[in-house]
Amino acid sequence: MKVSSSKRRVVAVAVVILLALFLVRPGVSRLKARITNSISRAVARPVEIGSVHLRLLPQPGFELENLVIYEDAEFGAEPMLRAPEVTAVVRLTSLLRGRLDIARLELTEPSLNLVRRPDGRWNWESLLERSERTPLAPTAKSKSEARPGFPYIEASSGRINFKAGQEKKPYALLNADFALWQESENTWGARLKAEPLRTDMNLSDAGLLRMNGTWRRAGSLRETPLQFSLEWDRAQLGQLSKLVSGSDKGWRGEVQLAATLSGVPTAMQVTADTSI
């Protein structure tokens with residue numbers, strides 16, 4: 001017990017010294033630039049950070065304020081994502097190589113915009129297509145892997161908005177908890193839990209939406225193999241009709257929906273099980 005505790009203290013001290021030396025060497029402005037570049041490389045978008053604060057416990061990393069991930073100009077001027085508070089956990093093995101890699105990003109109350117252009121293309125498609133040419137290693141990469149790893153990106157209490165071009169639609173997902181990671185060399189994963197709503201109406205109980213899925217490396221979205229499961233739980237019929245059509249049809253009851261989607265977007269197999 002004493003030996004194990006002593007070893008942990010030695011490792012903790014070594015980590016603190018290593019991180020301190022790394023921080024002193026580049027200086028504050030260059031450190032902020034390195035963190036910005038690391039996140040930008042992972043999400044393939046320009047990134048801006050308001051301020052950076054060092055955090056040593058429980059894991060070495062940084063507290064970021066006012067993170068902004070900018071949008072591709074083809075989809076509009078509004079940023080793709082804003083997050084007032086972000087915790088960035090450092091991949092310690094990267095410091096040994098004189099590099100700063102982010103192992104985990106924890107976003108608090110982010111606002112995410114999903115945009116669809118008139119030609120039908122979504123702003124998130126480039127992230128999927130990028131998986132064909134990305135040089136990043138899987139999120140849970142081995143310690144000997146020299147390539148930067150794709151960070152585990154996790155958000156809590158967020159909001160997801162939907163836009164058609166410049167027009168923001170009334171549909172949104174509230175209290176959204178979602179995550180994105182690179183599961184293996186050729187596979188990415190995502191999960192989502194959120195409450196559907198319409199911003200132009202007062203909905204009291206439209207249920208809870210859950211989604212889990214993976215997709216594999218491909219040259220384009222049309223060729224990307226997908227495997228997703230969806231659950232829509234405890235949605236009230238009257239509120240659901242109001243969400244979809246804009247008016248309460250007077251139906252009463254509870255709806256539960258479970259569905260799986262597999263294949264590629266051009267040939268998708270869908271199975272569903274619904275109970276009312």
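Tutor: A salt bridge is a side-chain nitrogen of Lys or Arg within 4 Å of a carboxyl oxygen of Asp or Glu. This is a predicted model, in which local features need pLDDT of at least 70 and side-chain atom pairs count only at pLDDT 80 or more, while totals for chains, interfaces and linings use all residues. Residues are numbered from 1 along each chain as its sequence is written, and side-chain values use heavy atoms, with hydrogens and water left out.

We begin with one pair. The side chains of Lys 163 and Glu 78 form a salt bridge, with 2.9 Å from N to O. This pair links distant parts of the chain, for its two residues are 85 residues apart. Lys 163 belongs to strand β7 (residues 152-164), whereas Glu 78 lies in the loop between β3 (61-69) and β4 (81-90). Strands (E, at least two residues) and helices (H or I, at least four) are DSSP runs, numbered from the N terminus. The protein chain has 13 strands and 5 helices.

The next matter is accessibility. A residue is called buried under 20% relative accessible area, exposed over 50%, and partly exposed in between, using a 1.4 Å probe and protein chains only. Lys 163 has a relative accessible area of 5% and is therefore buried. Glu 78 has 33%, so Glu 78 counts as partly exposed.

Arg 117 and Asp 119 meet through their side chains in a salt bridge of 2.7 Å, N to O. Arg 117 is buried because its relative accessible area is 16%, while Asp 119, at 54%, is exposed. In another salt bridge, the side chains of Arg 198 and Asp 200 meet at 3.0 Å, N to O. Arg 198 is buried, with a relative accessibility of 10%, and Asp 200 is partly exposed, with a relative accessible area of 46%. Elsewhere, salt bridges that share partners join Arg 104, Glu 106, Glu 154 and Arg 191 into one network.

A search of the entire structure finds 12 salt bridges. Of the 276 residues in the protein chain, 42% are buried. A contact means heavy atoms within 4.5 Å. Among contacts in the protein chain between residues at least 6 apart in sequence, 52% join residues at least 24 apart.
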